[in-house]
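Reader: I am new to this structure and would like to learn how to read its features one at a time. Could we start from the model itself?

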Amino acid sequence: MENAKIGPLIRQLRKERDLTQKELAAMLNVTDKAVSKWELGASLPDVALLLPLAEALGVSATELLGGVRDPESPVKAPEAPPRDMAGDILSYAQRTAAQRREKLRLWLFAGLSGSFLLAAAVCWICDTALNGALSWSLIADISLLLSWVVLLPLLTARRHALPLALGALSAAVLPYLYLLGRLLEEPRVFRFGVFIAPAAVLYLWAVWAVWRRFRRRFRAAGTILLLTAGLSLFVNAVAGALSGGRALYGDSLFTLVLAAACFVADYVLRRQGTAA
């Protein structure tokens with residue numbers, strides 16, 4: 001059921017019946033461009049069009065799905081698919097749906113990239129018009145670039161999109177903070193970030209691992225809240241030490257209370273399940 005087999009078969013059968021792409025398209029209520037894409041292997045006919053297309057081409061739906069013509073098969077396609085075709089049709093439907101999702105991801109990626117470029121250009125123009133040079137727009141540019149790098153795997157990767165996005169964030173966050181500190185002429189940005197950013201990225205990796213590992217959601221939520229409390233304690237301690245101020249831990253205590261509530265709920269639900 002590969003595009004490379006189905007497309008040439010559609011083209012061959014259409015020519016044998018002396019049909020143009022436009023005429024075949026009119027029989028199926030689609031555009032001639034759609035027929036052209038089928039024949040070139042750029043896309044597959046929708047599953048709802050399989051039987052009408054097979055009938056229009058004078059073959060069975062099984063031959064069309066397989067991309068190979070059977071000279072001993074009946075000329076006319078059956079009105080309803082036989083029971084042994086169910087698996088083929090299901091697989092075909094899944095494949096066409098996957099192709100549509102792939103195209104949607106590519107369109108989203110193109111749209112996002114274009115929007116980021118447009119936003120950067122607008123920032124450059126406004127910054128130059130107001131200040132006569134590039135200043136604050138460079139901060140917007142590197143922020144847009146960081147967002148694009150992190151979102152890139154989410155929109156283009158077929159598998160492991162979230163780990164790839166976290167990996168991109170892990171690699172890019174410190175260079176981003178360094179450039180941000182230089183542009184702001186504020187060295188404390190990187191001085192704080194060099195401690196806090198790796199801890200925050202490690203926290204995100206831990207959250208992802210916990211959510212994948214634990215099937216019981218209250219247990220997972222409680223563990224994530226514990227990690228959140230730990231990160232908050234660390235950030236407050238680092239901020240207090242580097243700024244010379246007093247560290248505040250009220251938010252960490254509140255998060256620990258929420259974590260305890262989640263663990264209690266998990267325990268109660270587990271006991272109820274055991275009792276049942």
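Reader: How many salt bridges are there by this rule?

Author: A salt bridge here needs a side-chain nitrogen of Lys or Arg within 4 Å of a carboxyl oxygen of Asp or Glu. By this rule the count is four salt bridges. Keep in mind that this is a predicted model.

Reader: Which residue meets Arg14 in a salt bridge, and what is the N to O distance?

Author: The partner of Arg14 is Glu39, with 2.5 Å from N to O. Arg14 belongs to helix H1 (residues 3–16) and Glu39 to helix H3, so to speak of sequence, the two are 25 residues apart and the pair links distant parts of the chain. Arg14 and Glu39 are both buried. Arg11 joins them, as Arg11, Arg14 and Glu39 are linked in a network of salt bridges.

Reader: What does the salt bridge of Arg216 and Asp266 tie together?

Author: The side chains of Arg216 and Asp266 meet at 2.8 Å, N to O. Arg216 lies in the loop between H9 and helix H10 (217–243), while Asp266 lies in helix H11 (residues 250–275), so the pair ties together parts that are 50 residues apart in sequence. Arg216 has a relative accessible area of 34% and therefore counts as partly exposed. Asp266, at 7%, counts as buried.

Reader: Which kind of pair do Trp205 and Trp208 form?

Author: Trp205 and Trp208 form an edge-to-face pair, with 5.8 Å centre to centre and 85 degrees between the planes. Because they are three residues apart in helix H9, about one helical turn separates them. Trp205 is partly exposed at 28%, and Trp208 is partly exposed at 25%.

Reader: Where does Arg217 lie relative to Trp211?

Author: Arg217 lies over the face of Trp211, 4.4 Å from the ring centre.

Reader: What should I look for in the phi angles?

Author: Asn29 has a positive phi of about 60 degrees although it is not a glycine. Asn29 sits in the loop between helix H2 (21–28) and helix H3 (32–40) and is exposed, at 72%. Glu185 has a positive phi near 55 degrees; Glu185 is in the loop between H8 and H9 and is exposed at 70%.

Reader: Which residues form the nonpolar patch on the surface?

Author: The patch consists of Trp124, Ile125, Leu134, Leu138 and Leu183, with about 450 Å² of accessible area together. Leu134 lies in the loop between helix H6 (86–131) and helix H7 (136–156) and is partly exposed at 43%.

Methods. Residues numbered from 1 in each chain as written. Predicted model: local features only at pLDDT ≥ 70, side-chain atom pairs only at ≥ 80, totals over all residues. Heavy atoms only, no water. Patch = residues over 30% accessible without salt bridge, like charges linked within 9 Å, V, L, I, M, F, W, Y side chains within 5 Å. Areas by Shrake-Rupley, 256 points an atom, 1.4 Å probe, with all protein chains shown as cover. Helix = DSSP H or I, 4+ residues; strand = E, 2+ residues; numbered from the N terminus. Buried < 20%, exposed > 50% of the residue type's maximum accessible area, 1.4 Å probe, protein only. Phe/Tyr/Trp six-rings, centres within 6.5 Å; stacked < 30°, edge-to-face > 60°. Lys NZ or Arg CZ within 6 Å of the ring centre and 35° of its normal.
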